Amino acid sequence: MKILAPICNLDSAILQIESGANEIYISGDTDAFHTLTFSGRAKHNIKGERICVNKQELKEIVDYSHSKNVSVMYTANLPFFADNISNEHDFRKGFLDYVSAGIEAGVDSIVISDLGAILLLNKENIIAHYTLSTYQETMNSNQLMFFQQLGIKRIVLSYHVTLDEIVEIAKNSPNMELEVFGHFGCSFYSDCNLKHGLGERDYDCIGTPCRNYFQIYDEVEQLLFEGQILNFSLACSICSLYTLMTNGIYALKLVGRDMDMRQNAIITQVYSKALKYVEESYERNYSKNCILETLPQWWKKTLCERRQCKYLDNLITQSYVDKIKGDYHEKRDLHSFIN
Amino acid sequence: MKKGIYIRSLIDYCDNEIEKTDVDIIVVGNYGCARASPSFEQCISTSKKLQKKKRLLHYISPKLSEAAFENEFKKVLSLLNDNISVSINDWGLVYRLKPYIKMEHNLYIGRLLTTSFANLVWDEVFLRNESEQAKQYLWQNNMNDKNKIDLLNNYSIKGIEVDAVNKIENSCRRIREMGLQIIGYTKDTLLSVSRSCPIKRYFGEHDANCKTLCCNKYIIKPTGQKSRNIYPEMYLQGNVLYQVRENDDLYDFYTLVVNENYTKNRKESI
């Protein structure tokens with residue numbers, strides 16, 4: 001299993017690779033937009049720091065990464081794609097140019113999300129290794145098959161799948177590279193209309209909306225309680241690495257293209273070290289104990305003590321809907337529906 | 001244009017309400033939870049009663065987990081065979097249904113699969129420095145795409161659902177010209193759906209009881225004043241977060257569906 005880490009320039013690529021990343025992902029720049037890119041992020045983060053690269057920088061990153069045997073994923077996953085409104089402003093050509101820039105630089109995979117982008121790349125016969133972004137929120141094997149027939153080679157599963165579901169999907173999909181979220185992720189499905197990280201600045205006060213504190217009222221506006229009712233985000237998958245690895249998961253994604261890269265690199269180091277324990281010991285309890293012993297204190301305090309486990313039992317994973325087969329209706333065959 | 005009302009459950013939808021309804025279509029279902037969706041039997045029974053009043057039932061199928069998938073597939077196929085129209089919100093279900101879909105089936109792509117920057121709460125912030133052409137491009141509905149529509153035709157899809165916000169009007173016109181029907185939803189639109197159900201979590205309900213809680217409406221207001229100034233009016237029902245909307249100009253949709261919460265609150269007829 002590979003560790004896939006975010007970068008935003010050559011320096012952060014060097015830092016992440018030295019910290020143990022086996023794969024990195026990066027956004028490119030484009031002339032089609034002033035603020036946005038064709039990736040799922042803007043050109044700058046909320047502090048105004050540039051988080052995408054031009055063609056020359058991309059080539060340098062690819063060359064450096066390949067010299068270290070590290071793959072480069074190029075994000076072209078703006079979660080929107082449609083026909084042009086006029087011939088004068090050709091956003092579809094802008095997208096094709098953006099993808100071509102990645103291919104010319106030698107990236108190992110193009111991460112795409114909108115169905116229209118996939119269909120256009122197929123129609124234009126642009127051959128590459130394509131990864132389906134988590135923006136498509138893949139939660140079942142049939143969706144995986146839908147996109148596999150369209151030429152997708154790797155799929156990033158939803159933030160919200162359980163370990164049992166990952167194992168089942170992996171079993172049903174032997175010919176697909178599966179990537180799962182290792183560290184952090186969103187609270188809502190990707191159709192979320194409280195999206196952020198698309199070009200706002202800190203003075204806009206948008207922040208991370210689902211982590212905000214809210215007051216909750218009933219229908220007659222009686223205050224019930226106050227809290228982070230929309231925060232369903234979970235952080236850590238350290239204790240699930242053995243199961244993920246032994247069930248053939250191809251890559252573990254760490255998020256943070258727009259975050260502090262020094263902090264990201266620390267997280268990469270922890271996962272890299274933990275994964276080595278798992279690979280070397282290949283025994284569930286032994287490796288788990290070794291990992292827990294070496295976790296930084298702050299990690300234990302902020303993540304372990306708060307049960308921020310992505311794939312283990314806690315208040316959030318217990319509140320997932322539709323987890324148990326046949327629970328919501330009695331399990332029945334097709335004929336029983338026919339009168 | 002047909003008129004519809006969106007309700008979440010058929011449990012409280014009694015004969016009296018069927019008798020007095022003045023809409024053409026009752027849209028029922030849950031975007032986020034198969035368990036909270038009405039059963040096959042409830043749908044069939046209500047559909048039969050509505051047909052006597054020359055009204056139709058339309059079922060919304062949710063986003064699907066691996067565990068929920070097969071039962072929902074069988075249910076949707078059976079509803080289609082019983083002439084009930086269905087909106088689906090999962091590409092896996094589109095794929096699974098393909099070999100079984102006939103021309104007479106009325107299958108639609110649901111709102112979780114049709115998107116636009118116009119639906120985002122802070123689209124004006126994100127796009128404030130973009131050119132007018134970029135804004136107009138991103139404010140379309142993403143189904144205004146010839147390649148997508150060819151694919152949907154290949155899957156015998158009749159139309160799409162959208163949130164009826166006025167910025168997408170031109171793209172809706174083009175989608176309609178390319179042959180798809182458009183079902184627009186107004187007066188409370190979808191903000192977000194999560195796998196994790198806050199109602200189940202905060203009220204500590206187990207699966208056996210949570211279904212009864214998820215028709216209740218919980219109003220959500222940011223605690224801080226700065227946030228209150230920038231957030232829209234919102235409420236939760238189960239694991240679905242809605243935005244209160246009421247003033248968008250209305251495009252000439254194939255069907256326009258109003259959320260039942262709107263009519264309940266205002267005691268108005270639609």
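Predicted model: local features only at pLDDT ≥ 70, side-chain atom pairs only at ≥ 80, totals over all residues.
Two residues are taken to be in contact if their C-beta atoms, placed from the backbone, lie within 7 Å. By this criterion, 74 residues of chain A are in contact with 73 residues of chain B. Residues are numbered from 1 along each chain as its sequence is written, and chains are lettered from A and ligands numbered from 1 in the order in which they are written.

Helices (H or I, at least four residues) and strands (E, at least two) are DSSP runs, numbered from the N terminus. On the side of chain A that touches chain B, at least two residues each are supplied by helix 4 (115-123), helix 5 (141-148), helix 6 (163-172), strand 9 (214-217) and helix 11 (315-318) of chain A. The residues of this side comprise 38 nonpolar, 17 polar and 19 charged; Ala, Val, Leu, Ile, Met, Phe, Trp, Tyr, Cys and Pro count as nonpolar, Asp, Glu, Lys and Arg as charged, and the others, Gly among them, as polar.

Strands also pair between the chains, pairing being assigned if DSSP finds at least two bridges between two strands. Strand 9 of chain A and strand 9 (residues 218-222) of chain B run antiparallel and are joined by four bridges. Within this pairing, Ile216(A) stands opposite Ile220(B).

In chain B, eight strands close into a barrel in the order 1-2-3-4-5-6-7-12, with parallel pairing. The twist from one strand to the next averages 25°; angles run from 0 to 180 degrees between N-to-C directions, and axes are lines fitted to C-alpha atoms, for helices over the stretch in contact. Five bridges link strand 6 (residues 159-163) and strand 7 (residues 181-186) of chain B in the parallel sense, and Ile160(B) stands opposite Ile182(B). Helix 2 (residues 40-52) of chain B lies across strand 2 (25-29) and strand 3 (56-60) of chain B, at about 155° to strand 3.

In chain A, the axes of helix 8 (residues 261-281) and helix 9 (residues 284-294) come within 9 Å and cross at roughly 155°. Helix 8 of chain A is therefore roughly antiparallel to helix 9 of chain A, a label applied to angles over 145 degrees. Residues meeting at this contact include Tyr277(A) of helix 8 and Cys290(A) of helix 9. By class, the contact between the two helices has six nonpolar, three polar and one charged residues.

Methods
Parallel < 35°, antiparallel > 145°, perpendicular 65-115°, else oblique.
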